[in-house]
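Welcome! Please take a moment to look over the sequence and the model below, and then we can walk through them together.

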Amino acid sequence: HASPITSLALHPSGTILASGSADKRVAYYDLSTFKTVSQIYTEADVTACSFHVDGILFFSGSSDGKLRVFDVKSGALMTTLETGAPVASISFSENGTWFAVAQKGSSQVSVWDIRKQNVIKVLDAGSPVENVKWDYTGQFLATAGSGSITVQQYTKASKSWSEPVRKAASARDVAWGANASSLVALTSEGGLSILGSA
């Protein structure tokens, strides 16, 4: 890359790594050889990226507020979605139909339906969100932000959302532990904080 790398994404197969950069490019690397196998050129700085859970589609979020969806094999642009603000983070639910998008400087997280290609729910985390991550069940969505870490829960039976966890702590990123029984947060100071049930 000719500019700083802004995001990384691992293919569901575990064999391909993608990097997005401020140079408006995405590069794919074969992890068995550590060689660049292809590159995609976009029209704006890449600020976030993620592979769809089926491994066929690749989503690139940009500083122009657009999500560009590419075919992984051909590199062809499939569609462009408008979010309205620079994209900070993208995370796919394991159900393959929903994905969450956080925008830079916003406390709101948009949950999209890939089939309808529109927002189906807007969640408020209470402070600007930097990263979002679904758990493996697709029921819980964790957010990491400048003022809080939250967990948003979707209950399928009642088709409703709730917020079972909100911790007043600053975090730049968050990841789920084994069986989604804990959260590992990257603090703003560069440390790790583990949140879990006693």
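The accessible surface of the protein comes to about 9600 Å², and 52% of that area belongs to carbon and sulfur atoms. Accessible areas here come from the Shrake-Rupley method with a 1.4 Å probe, and for residues only the protein chains shown count as cover. This is a predicted model, in which local features need pLDDT of at least 70, side-chain atom pairs count only at pLDDT 80 or more, and totals for chains, interfaces and linings use all residues. Residues are numbered from 1 along each chain as its sequence is written, and side-chain values use heavy atoms, with hydrogens and water left out.

Of the 198 residues, 45% count as buried, meaning under 20% relative accessible area. The C-alpha atoms fill a box of roughly 45 × 40 × 30 Å along the principal axes. A compact globule with 198 residues would have a radius of gyration near 16 Å, and the protein agrees because its own value is 16 Å. That radius is taken over C-alpha atoms, and the globule rule is 2.2 Å times the number of residues to the power 0.38.

What is the protein built from, helices or strands? There are 0 helices and 19 strands; helices (H or I, at least four residues) and strands (E, at least two) are DSSP runs numbered from the N terminus.

| Strands | Residues | Bridges | Direction |
|---|---|---|---|
| E1 and E2 | 5–10 and 16–21 | 5 bridges | antiparallel |
| E9 and E10 | E10: residues 98–103 | 5 bridges | antiparallel |
| E11 and E12 | E11: residues 108–113 | 6 bridges | antiparallel |

In the hairpin of E1 and E2, 5 residues lie between the strands, and Gly14 takes a positive phi near 80 degrees. Leu8 has Ser19 in E2 as its bridge partner.

E9 and E10 also form a hairpin, with 5 residues between them and Gly96 in the turn at a positive phi of about 80 degrees. Val87 has its bridge partner, Gln103, in E10. Strand E9 (residues 87–92) is mostly covered, with 6 of its 6 residues buried.

These strands belong to an open sheet of 4 strands, in the order E9-E10-E11-E12, with antiparallel pairing. E9 and strand E12 (118–124) stand at the edges with a single partner strand each, so one side of each is left without a neighbour in the sheet. Asp113 finds its bridge partner in E12, namely Asn118.

Notes: Buried means under 20% relative accessible area, exposed over 50%, partly exposed in between (1.4 Å probe, protein chains only). Two strands pair if DSSP finds at least two bridges between them.
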